[in-house]
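Hi everyone, thanks for coming along.

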Amino acid sequence: MTKKYLLPTLALATLASLTIQNAQAAANFSSYATVTYTIDSLSNLTNAGDFSGLDIAGSFVLAPGGYFQDITGTGSVTASAFDAEPTAITAAVGSSYTRTFQLDGSASNNGFVFTNYLAYFDTAFSNLSATDSYNVGLTLSYALSASATGDEALTDVVVNYSAEHYNAAFDMTADPTFFGADYAGTNQSLSTAFLLNSQAFNFTLAPGEFEALYASAGVAGTLQASPVPLPSAAWLFASALLAIPGLKKSTKTV
């Protein structure tokens, strides 16, 4: 390539590079909570080995009014699908119920995203027997993950869990031995946050009694994809490269 075309070509390449740097502004987050209930022990205190009167079900739903999102400009939010109906759980040691709620968000070209979802992971143990009592031992385990990348990105996951016991008259008592919360959060400057934890629980159901175990996961994300303005000197430098050939030409004609 001759010197005649070298400087204009270099200038155009510089301008293109600067334009691309501004257009590539983006921010993303991806966070999830996986919740698992596992039956560790199970016994019929009245008729050993007979679990025909014990009904167990799990549900995974969006909390009523449990989401909010505000998107300005170019951005999107994608959430996991929920179960349409409760799922029956086999009354046996080793049986488990597990679900994952994941929330992903992205923003680009000066887009803004703010979102918050609340998912319920619940199980219910019903003693339908008129004569038998059951003792149940189980473990609630959960994995929380939060990841954020790009210009400005924040995300976190919060899990809460509790239990309620209902007698045959449907009087409710909160169980203080199964209660807690955990958190994982990060931003674009930090690595992925990951937390794995578990909680064991034991309860007894007399005839007609009911145990409800609740776990909720709140996932939130905030994104701002803002191109960082380049110093004016960078643009002036590229413009100057384009002007040099013309300057030389005008100098020769004087």
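This is a predicted model: local features need pLDDT of at least 70, side-chain atom pairs count only at pLDDT 80 or more; totals for chains, interfaces and linings use all residues.

The side chains of Asn202 and Asn135 are joined by a polar contact of 3.1 Å. With Val136, the side chain of Asn202 reaches the backbone oxygen, at 3.3 Å.

Where does Asn202 sit? Its place is in strand β8. And is Asn202 buried, exposed or partly exposed? Its relative accessibility is 44%, so it counts as partly exposed, because that class lies between 20% and 50%. Along the chain, Asn202 and Ile39 are 163 residues apart, and 9.9 Å separates their C-alpha atoms.

Now over to the nonpolar side of things. The largest nonpolar core holds 47 residues, and those with the most contacts inside it are Leu54, Phe101, Phe121, Phe125, Phe203 and Leu213. Elements giving two or more residues to this core include β1 (26-44), β2 (54-79), β8 (193-205) and β9 (210-224). Which element gives the largest share of this core? That is β4, with nine residues.

Finally, take a look at Phe101. Not counting residues up to four places away in sequence, Phe101 touches several others, among them Tyr32, Phe60, Phe82, Tyr117, Phe121 and Val219.

That's my tour; I'm happy to take questions.

Notes:
Residues are numbered from 1 along each chain as its sequence is written. Side-chain values use heavy atoms; hydrogens and water are left out. A nonpolar core is a set of buried Ala, Val, Leu, Ile, Met, Phe, Trp, Tyr and Cys residues joined through side-chain atoms within 4.5 Å. Buried means under 20% relative accessible area, exposed over 50%, partly exposed in between (1.4 Å probe, protein chains only). Helices (H or I, at least four residues) and strands (E, at least two) are DSSP runs, numbered from the N terminus. Contact means heavy atoms within 4.5 Å. A polar contact is a pair of N or O atoms within 3.5 Å; within protein, one must be able to donate a hydrogen and the other to accept it, and residues adjacent in sequence count only if both atoms are side-chain atoms.
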